[in-house]
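Here are a few friendly notes to read with the model open beside you.

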Amino acid sequence: MAKLSTDELIEQFKGLTLIELSEFVKAFEDVFEVTAAAPVAAAAPAAGGAGADAPAEEEKDSFDVVLEAAGDKKIQVIKEVRALTSLGLKEAKDLVDAAPKAVIEGANKETAEKAKAQLEGAGATVTLK
């Protein structure tokens with residue numbers, strides 16, 4: 001198989017749908033055990049002011065993503081819940097209606113922060129526990 005140049009690879013990616021590209025990124029992450037997510041700057045420890053609490057927070061390796069409120073864009077939040085979970089439309093709607101409710105439980109920090117960012121981008125209020 002001939003090796004593709006960077007430009008040729010980019011051209012191939014341009015032909016993919018967002019879903020196909022998302023599936024490729026997931027497969028790439030699994031195969032090479034890496035992540036393509038951009039690091040999220042954590043502003044909470046700076047706002048807390050207690051330096052002793054920050055290291056304990058970093059040591060935690062299991063997080064629950066809790067939907068506190070759906071906000072004004074409930075349909076967008078339901079779509080994000082469905083994208084983050086394997087729930088059907090009715091189950092995702094029921095979860096959003098039952099807020100505050102955990103969307104993802106026992107996730108690593110990176111996955112939890114990514115999920116929080118996606119839900120907040122859709123207009124939801126989210127906390128990590």
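1. The three strands form an open sheet in the order β2-β1-β3, with antiparallel pairing. Strands here are DSSP runs of E with at least two residues, helices are runs of H or I with at least four, and both are numbered from the N terminus; two strands pair if DSSP finds at least two bridges between them. At the edges are β2 (101–107) and β3 (125–128), each pairing on one side only. From one strand to the next, the twist averages 20°, with axes fitted to C-alpha atoms and angles running from 0 to 180 degrees between N-to-C directions.

2. A word on the source: this is a predicted model, in which local features need pLDDT of at least 70 and side-chain atom pairs count only at pLDDT 80 or more, while totals for chains, interfaces and linings use all residues. Residues are numbered from 1 along each chain as its sequence is written, and side-chain values use heavy atoms, leaving out hydrogens and water.

3. Strand β1 (residues 63–69) pairs with β2 in the antiparallel sense over four bridges.

4. Which helix holds Val31? Val31 lies in helix α2 (residues 18–32). Val31 counts as exposed because its relative accessible area is 62% (exposed means over 50%, buried under 20%, partly exposed in between; 1.4 Å probe, protein chains only).
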